[in-house]
Amino acid sequence: MASQNGLNLDSLRITPETPVGYELQPIKKKAAIQLMGSRVWGRFNPNHWDPDYARSTGLTDPIQTGEMSSAYISEMCVNHFGAAMFKNARIVCKYIASTIANEVIVTGGVITEKTPKGNGFRFRADIWAANEAGEKKTVGWVEADVGV
Amino acid sequence: MNNELKPQSAVQEAQTRAFVGALQQGSQTYWDMVEIGDELSRDLHITPELVILYLDPVEDYNPWYEGWRMNSWHIDGESPFGGAIVPPLLVSHFVLSVQFDHTKPFAIGSIHTFHDSEILEPIPVGATVRITTRAIDKYEKRGRRYVRHEVHVTDTATGMLYFREVRDILSL
């Protein structure tokens, strides 16, 4: 299915034929303070949404919960792995730097391994989330079975 | 203080300060709250509305997760597994509400630094899951203090193991 900007969304899916080196298409989000402080995300900790409190603890501005970047990365992985992300998949994320309010975060990933398994392969990809200057905030890897 | 990031009236500012003040009362560091071997468990009913509350702030609009839609309200939804399913890391997000003993003041200032998550089976929207956390390590690295937990998420009705995780919290 081609979208209006010409990107074929069906072509995103990783298949047994997908090669090592294939790059995942990014997801881009703005770290908006009003979303960072919503009840099921950062409301319990004012470092995630209150500029005054955040500055009192030495931060320049509120920081996003790391799990929001994991959710962005997970969205990218579902776009590419589809149903395979929901059964026998594994995702590892390390939060190496804080995402500051108002930063724009872009996810990325690249297939690094494909190991034969059953009738298909277990794929492994390096994954990350970075700001627009390319400073990485979250790094890790994901594994999923395709065509197994 | 008015702020470009979060414009507020005087009333909102006073409400904010009262809320933050209440969060800080009686709070301990997470390091002091937890002993290795501590196990906590709670049941979470993953309603269609809870899934939406989780998804909207991260702006994920994948239709596979929708068991609730404006105008229609409750719907069965559609996914490759039949009805609507729960996003891969939703239960990971709610682990925080289990590993931090909810009967005590929240240890503000703690930071989640790492997770190694195994998504074993799809979770249908509407399921009730049991999230069990066990503190397996407390360690110091480069002058910082970390608490490590292992997590299991099962279906309360069938016992199916949906999700397993190891995660670290950096404590003040």
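Two strands count as paired if DSSP finds at least two bridges between them. Strands (E, at least two residues) and helices (H or I, at least four) are DSSP runs, numbered from the N terminus.

This is a predicted model, in which local features need pLDDT of at least 70 and side-chain atom pairs count only at pLDDT 80 or more, while totals for chains, interfaces and linings use all residues. Residues are numbered from 1 along each chain as its sequence is written, with chains lettered from A and ligands numbered from 1 in the order in which they are written.

The scores are ipTM 0.94 and pTM 0.94.

Now chain B. Strand β6(B), residues 144–155, forms a hairpin with β7(B), with five residues between them. In the turn, G159(B) has a positive phi of about 80 degrees. The two strands pair antiparallel over 10 bridges; V147(B) has I169(B) as its bridge partner in β7(B). Strand β7(B), residues 161–171, is also joined to β4(B), residues 111–119, by eight bridges, again antiparallel. There, H115(B) is partnered by R167(B).

What does β4(B) pair with in chain A? Strand β3(A) runs antiparallel to β4(B), with six bridges, and A89(A) has I119(B) as its bridge partner.

Finally, the contact (C-beta atoms, placed from the backbone, within 7 Å) takes 40 residues from chain A and 35 from chain B. On the chain A side, α3(A) gives the most, nine residues.

Note on methods
Contact = placed C-beta atoms within 7 Å.
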